[in-house]
Amino acid sequence: MVRKLQFFTLFVLNLFLVAISSQNEQNPETKSLLSFKNSLKNPQILSQWNLSTPHCNWVGVTCELGRVTQLALPTRSLRGPLSPTLASLSSLISLDLSSNSLYGEIPRQISNLRSLKDLHLSQNELSGELPVQLTELTQLQTLKLGLNSLTGKIPEQLGELTQLRTLDLSGNALTGDIPTQIGNLTRLQFLGLGNNFLSGSLPLPLFTKLQSLTSLDVSNNSLSGTIPPEIANLKNLTDLYIGINKFSGQFPREIGKLEKLVNFYSPSCSITGPLPEELSELESLSKLDLSYNPLRCSIPKSIGKLQNLSILNLVYSELNGSVPAELGNCRSLKTLMLSFNSLSGSLPEELSELPLLTFSAEKNELSGPLPAWLGKWNMVESLLLSSNKFSETIPPEIGNCSMLEHLSLSNNLLTGSIPEELCNAVSLSEIDLDGNLLSGTIENTFVKCGNLSDLVLVNNQIVGSIPEYFSELPLMVIDLDSNNFTGAIPMSLWSSSYLMEFSAGNNRLEGSLPKEIGNAASLQRLVLNNNLLGGTIPKEIRNLTNLSVLNLNSNLLEGNIPSELGYCTALTTLDLGNNNLNGSIPENLADLAELQCLVLSHNNLSGSIPSKRSSYFHQITMPDLSFVQHHGVFDLSFNRLSGPIPEELGNCVVVVDLLISNNLLSGGIPGSLSRLTNLTTLDLSGNMLTGSIPPEFGDSLTLQGLYLGNNQLTGTIPGSLGQLSSLVKLNFTGNKLSGLVPLSFGNLKELTHLDLSSNELNGELPASLSLMLNLVGLYVQQNKLSGQVDGMLSNSMSWKIETMNLSTNFFDGELPRSLGNLSYLTHLDFHGNMFAGDIPPDLGNLIQLEYFDLSGNRLSGHIPEKICSLTNLFFLNLSENRLEGPIPRSGICLNSTRISLAGNKNLCGRIMGLDCQNKSFDNSALLHAWGLGGLAVVLTLVTLTVAFGLRRWITGGCSRNDHEDSDESKLNSFIDQNLYFLSSSRSKEPLSINVAMFEQPLLKLTLVDILEATNNFCKTNIIGDGGFGTVYKATLPTGKIVAVKKLSEAKTQGHREFMAEMETLGKEPTGPDFKEIDGGNLVGWVIQKINKGLAIDVLDPAVLNADSKNMMLQTLHIACLCLSESPANRPAMLQVLKFLKAIKDE
């Protein structure tokens, strides 16, 4: 009977469950929910959603009267699209699917949820544009769609959701302007539009209509414009986030009316100062961040009235002036950040009463001694005062800061020893004192710093040994570089289980690296370069599997490089250069996959370069803790390595500098090196390489330095090298290269040094070399080059070349006069060629010349006196030529120890021991000389008579103008060599100016025109006197006024200077186009402004302020006096100096 009863009960229960299941299946809301579940990629997360349970009892589902009113599944790791079937839950009031991984677009069917008041879809992966259908949800009070990937513009129709209290669209990729219709949401309390790509200015209705707003976030967009005064209407605002935008201008004074404002963040904009005094009226303000703005003002003293201020961040704000003492009145201030400004003066003692947790004033110009009252900050955790000008000793009172964890006083002028009392601050974990003048020892200084993890003492004058107690502290970083530490490294230090970084380079440490170094298992960085460490590198170093940087450069290490280094698989930098290491390079170093810097140079290594398939220099990305200082350096130079250069090196794509010079390498240069796409320097010089230069190098477009000198290379220079547009230095000296210098070298616009010397090159130097305007050094000596060099110098006026060596070749022809245009030239060597003709006097223009060698040529004529007078010349060799005549008695030509003239048979002078006046001559020659002398006397008398008459005629020309004289008579009566361009050879040939350089049309004037225009160069027309002649005002028959410079023989103008002046005068003015009514030119415009009382318009508003206004106006007045049309009204320079001094004294 009992069993029958049990069976009946189970049967009834089963019927009940079937009935419920049947009812659930037929419920449309159940179907919608299950459809949503099944659309997910991980539906098992909602396993409790099944037909065996009524849907109103499912997780996250809330019902009223059997209808779903709330669906809340936040932070459930749901992944999949947002199913449109949810839109059939017509009674839904709240939908929260935030903080999941939902993706795809927001379905348009969402408009069916007409009862919806709260929609939370933030922090998902939703994309696409905001559907306009959202605006049909007229009951919506909360809309949160932040932290998704939504794009497009904000729909204007959102302004129709007048019930909205919260609108959060932050953290998407929305673009365009902020719609003005948002201002219609008058009930809005929270508006979040930050972290998008919005642009334009803030619409005014945001400030005039949203008076219920308590939080406004538009930060991290591209918004621009100014903050309007209407911001005062937001009287309920507590949070204002407008930073990381392009807002400019000053804050409006009305901002002080936001009495409820608690948080004000406006970093990284273009806001300028001064800050309004009304900021002090924000009595509720707790956090103020104006960092990274060009405020360019001082900190207003009125900030001291902000009694509730707890955080003040003014980092990188271009602040000046001093730290105001009034800040000490902000008795709630806990974080004060003033770093990276130009604040000066000392720290005011009033700050000592603040309850600071963080004080940062790094990178300013604060000075004076560090105040002892810093010890009163017993709550401070971080004290950062690096990169200032604090001096004297470190006050021991800092040890009273019992909560201090981070102390940075680096890069100041602190002196004396480090006080032991610092460690009374028992919480200290980081101490940074680098870059000071600290001295003494640290024998007991840090014994009590029981929590010290980072100790940085770089660049001081600390002496003594590294203390043993370091091993007893939890030190992770010990940086003692560039001091005067001596003795051995404590053995106990290697047993530290904390130590990750130990750097003690540039000291005088002695001893050797012990085998105990293998115990420092946590060590990541070991830098001991530039010490006196000896012995061998212990094999136990293999245990340092975390080691990323090993730098033992410049010590006295010897023995082999241990192959055990191949077990240090985390190595990114291995620098063993400048030691006495020998043996071969271990093959397994090529297996270090992280290695990106290898320096083994300046040792005695032998054998071959590892050629096995390598893993080093392959990894493009760098480990976070790698500390790689010289990324991509592969340096094996100055050893005794032999054999070929491995083709495998072409696979080391990370290599930037490949340096294997000065070894015994042989064979050809592998073309595979051209595959190194990051290569900037390739130095294979000083080896025994043979074969030709691979033309593939023309594809190495990042190359800046190519050094293949002093090998045994043959063949021609590939023309493809002309494609290396970034090349700065090219050195092929000391090879057996033949053929021509490639024409394509003219494309190497960045090249500064070209060395092709000591080869077998032939032919002429291509004229295209004149296009290398940055060339500083040209070396082609000891080749078989021939021809003339005029073409190469066709662009000589633009060259900046300092050294030119063409010696020991077969160049011929005359020395080009254009050599005199190379005004930067210091070293000129043309010896051992076949140059003929005279030495151009133009070479006397090379005022920078120090070394000059023309020996062993076929030069004739006289030695130009101007060359001897070059003041910087310390070596002159003109020997073995055909020069003649007297040796100039000036400059270097008077010093027999610095000049060589041997092998010129017809030179005479005291320095040769042969008096030019005592040369023997016969009677006929004597009579001929007397005849010439008599003729010279007669000609002199005639010349004096003509000159006297000419002077009378010119003087009279100033007061009268005889129009009866013909043009021809004027020309004959005014022969003045100064009217011609005087070259350095005093030639009277007129200069041929390149008319194409003039951008304005040239005036065709005759000499007569110039004489008439200047009234025969009358003194009353003088408007200036320059370094090369006098400038006259000339009025042409057309009425046009021009300036004429009359060159003075005593101030002979060089060819280069004249050409430069002509080019400048020929160009169009770059200033504004002044009309006649504006004065016709800049000077006239300025004078008109001054006469009208508008001088202030002339001054640059960017630099004008109340302090500088009067000084600038006085300076402008002096400038106008100096430009007076009448020379008589212009002040002398001494007067100008007095005027300016008077302004300064005011």
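Between which strands does the loop that holds Thr-808 lie? The legend to View 1 gives the location.

This is a predicted model, in which local features need pLDDT of at least 70 and side-chain atom pairs count only at pLDDT 80 or more, while totals for chains, interfaces and linings use all residues. Residues are numbered from 1 along each chain as its sequence is written, and side-chain values use heavy atoms, with hydrogens and water left out.

**View 1. Surroundings of Thr-808.** Thr-808 lies in the loop between β58 (803–805) and β59 (810–814); strands (E, at least two residues) and helices (H or I, at least four) are DSSP runs numbered from the N terminus. Leaving aside residues up to four places away in sequence, Thr-808 touches Gln-782, Asn-783, His-831, Gly-832 and Asn-833, a contact being heavy atoms within 4.5 Å. Asn-783 is 25 residues from Thr-808 along the chain, and their C-alpha atoms are separated by 6.8 Å. Thr-808 is classed as partly exposed because its relative accessible area is 34% (buried is under 20%, exposed over 50%, partly exposed in between; 1.4 Å probe, protein chains only).

**View 2. Nonpolar surface patch of Tyr-292, Tyr-316 and Phe-340.** These three residues make a patch of about 290 Å². Patch members have over 30% relative accessible area and no salt bridge; nonpolar side chains (Val, Leu, Ile, Met, Phe, Trp, Tyr) are joined within 5 Å, and like charges within 9 Å. A salt bridge is a side-chain nitrogen of Lys or Arg within 4 Å of a carboxyl oxygen of Asp or Glu. Areas come from the Shrake-Rupley method with a 1.4 Å probe, and for residues only the protein chains shown count as cover. Tyr-292 belongs to the loop between β20 (287–289) and β21 (311–313), and its relative accessibility of 43% is why Tyr-292 counts as partly exposed.

**View 3. Open parallel sheet of five strands.** The strand order is β23-β25-β27-β29-β31. β23 (344–345) and β31 (437–438) form the edges, each pairing on one side only; pairing requires at least two DSSP bridges between two strands. Within the sheet, β27 (residues 389–392) and β29 (residues 413–416) run parallel and are joined by two bridges. Glu-392 stands opposite Leu-414 of β29.

View 4. For context, the chain has 11 helices and 70 strands, and 47% of its 1146 residues are buried.
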